[in-house]
Amino acid sequence: MEEKYKILIVDDEEALVLFLAKLLSQESPDYEIRTAYNGEDAIKMLEGFSPDCILQDIKLPDISGIEVLKAAKALDEDVQVIMMTAFASIETSIDAVKMGAYDYILKPFKAEQIKMVVKNALTKRRLLRENKRLLEDLKRANKELQIAHEKLKIAKAEVDKELEEKLKILSELHKISDSLNEELDFEKICGGVIEGAQKIFSVQDVALLFNQEESPDNLVVKYLNGFDGLMESGMNLDFYHPFFNKLKDQRTPQIIEYQEGEIKEICIGLLQTSKMEPFGTFMIGNRNNTESFAKKMELFDTYLNTISIALQNSILLDTLERSYVDSLLALVKAQEAKDRSIKGHSSRIARMSHVMGRRLGLSEKELKILRYAALLHDIGKIGIREYILEKPAELNKEEYEKIKEHIDIGIEIIKPLKFLREAIPIIRHHHENYDGTGYPDGLSGEDIPLGARILAICDVYDSITNERVYSNKLTKEEAINFLKKYSGTKFDPFILEKFIKVIGHEGA
Ligand SMILES: [Fe+2]
């Protein structure tokens with residue numbers, strides 16, 4: 001539907017007003033005409049009627065036509081005002097045009113003239129309105145575009161940040177996975193797992209728990225960082241502990257929430273073999289709770305798989321190592337079985353060396369090597385003739401030289417086994433004396449490997465406190481006195497002192 005145009009005619013000549021109203025009504029059905037006979041009435045009508053065009057006499061009976069023009073423009077700056085003027089007032093009309101009137105028309109005028117000027121004024125009014133509307137539309141569209149652009153910028157920054165973080169985490173995971181794959185030492189792998197988790201998940205609290213071989217429902221906390229007040233290294237937990245409630249049934253990583261204490265959230269998952277048999281659990285704790293672990297579950301699962309493989313490989317290697325050692329021990333036991341006096345000797349000194357090594361602050365790995373060395377230290381004796389080993393009297397020089405050969409024979413036996421390589425120096429030097437008078441190399445003091453110095457004391461103590469073919473066994477006190485006689489010559493005095501304390505205390 002076409003828009004109606006509102007026209008207000010203002011003049012004190014009633015005949016003229018009626019003539020014009022009629023003329024314009026006939027001109028177009030779209031013209032809506034109102035009339036006023038003085039300025040005051042015209043101004044009153046402006047607000048309610050909102051004319052598009054005002055056709056007015058410049059000289060009104062009450063106020064000046066200029067006043068009406070001003071009032072109309074104040075309400076609507078696009079209203080088109082046509083001044084009707086007698087020749088005498090032409091100056092005022094020109095002023096009116098300067099003040100914003102559309103045009104003026106001289107009286108008397110022809111009907112065609114009026115129709116034309118009104119039509120033109122309305123066309124101008126329509127174009128102005130359209131122009132304004134288009135401008136508004138353009139402004140709005142621009143604003144919307146700007147908002148959309150800002151939103152896009154924010155979204156892009158978020159995506160970029162997320163992507164950068166993901167890349168960082170992935171590269172870290174890659175590095176850790178590579179280093180874990182290269183490493184086979186269980187202790188080092190566990191250390192790497194803890195360190196890696198701290199980096200990737202930005203946490204302080206990390207724990208590795210392993211199922212106990214003898215009772216798989218029990219877990220022991222093996223490697224730990226943080227988790228103060230919740231766990232301690234070496235602590236036993238059974239599967240009824242709240243940590244494992246959901247994990248036990250669902251077998252997928254779980255988040256446990258806490259209301260009290262520093263740690264607000266724990267993420268826990270099962271360490272599983274390639275056959276999906278659980279062998280432990282892995283846990284990380286969230287202290288600040290700024291970002292929930294819920295967002296990191298996928299990453300946690302990936303990490304869990306990576307470390308499960310590395311840990312399982314190391315455990316498998318450990319099992320393989322143990323089966324090698326078991327085979328070698330069978331040889332040692334067969335050797336010991338022949339001589340009642342040395343039965344169980346290797347196992348006993350392995351136990352003693354382990355206790356001593358722990359007291360002296362050796363690492364788990366060093367303790368393992370020391371244990372292997374103690375178990376296998378005399379394996380070379382299987383290459384020594386029985387009559388020398390079992391001689392019920394002291395050995396002569398030639399026999400003594402012969403028995404020294406058990407060192408080299410032993411080393412030849414274990415040398416092909418890579419994992420026992422670090423045990424070789426201990427085995428080689430377990431007959432060295434602290435003062436340099438021992439064999440095979442005459443090393444002295446701290447040049448003798450620490451493990452060999454420990455082993456030497458344990459070896460002699462066990463030999464003299466057990467029945468032997470050529471002498472009676474000594475009591476604990478006698479044995480301690482015997483060892484003390486050789487402090488600083490045969491034995492490391494510092495280690496001996498510790499050993500005597502341990503023996504005295506534990507009654508070993
Ligand atoms: Fe020996």
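Reply: Happy to! Leaving aside residues up to four places away in sequence, Val-220 touches Leu-209, Phe-210, Gln-212, Gly-234 and Asn-236; being in contact here requires C-beta atoms, placed from the backbone, to lie within 7 Å. Please keep in mind that the model is predicted: local features need pLDDT of at least 70, side-chain atom pairs count only at pLDDT 80 or more, and totals for chains, interfaces and linings use all residues. Residue numbers start from 1 along each chain as its sequence is written.

Val-220 belongs to strand β7. Strands (E, at least two residues) and helices (H or I, at least four) are DSSP runs, numbered from the N terminus. Lys-143, 77 residues away along the chain, has its C-alpha atom 63 Å from that of Val-220.

Now for the sheet around β7. Six strands make an open, antiparallel sheet in the order β8-β7-β6-β11-β10-β9, where pairing calls for at least two DSSP bridges between two strands. The edges are β8 (236–238) and β9 (254–257); each has a single partner strand, so one side of each lacks a neighbour in the sheet. From one strand to the next, the twist averages 30°; such angles run from 0 to 180 degrees between N-to-C directions, with axes being lines fitted to C-alpha atoms, for helices over the stretch in contact. Four bridges connect β9 with β10 (residues 265–272) in the antiparallel sense, and Ile-256 has Ile-266 in β10 as its bridge partner.

Two helices touch this sheet. Helix α6 (residues 186–201) packs on β6 (205–211), β7 (218–225) and β11 (278–286), with its direction at about 140° to that of β6. Helix α8 lies across β10 and β11 and runs at about 40° to β10.

Helix α8 (297–338) also takes us to another helix, α13. The buried residues of α13 pack against α8, α10 (364–376), α12 (397–404) and α14 (424–428). Those buried in α13 (residues 406–414) are His-406, Ile-407, Gly-410 and Ile-414. They span an arc of only 100° around the axis, which puts them on the same side of α13; the arc is taken from the directions between helix axis and C-beta atoms.

Finally, the wider setting. The domain assignment, which is automatic or from a database, lists domain 1 (5–134), domain 2 (183–311) and domain 3 (339–506). The centres of domain 1 and domain 3 are 125 Å apart, taken over C-alpha atoms. Overall, the protein chain has 17 helices and 11 strands. Its radius of gyration is 52 Å, well over the 23 Å that the globule rule gives for 508 residues, so the chain is more spread out than a compact globule; the radius is taken over C-alpha atoms, and the rule is 2.2 Å times the number of residues to the power 0.38. Along the principal axes, the C-alpha atoms fill a box of roughly 160 × 45 × 40 Å. Buried residues account for 30% of the 508 residues.

Notes:
A residue is buried if 20 or more other C-beta atoms lie within 10 Å of its own, exposed if 12 or fewer, and partly exposed in between; C-beta atoms are placed from the backbone.
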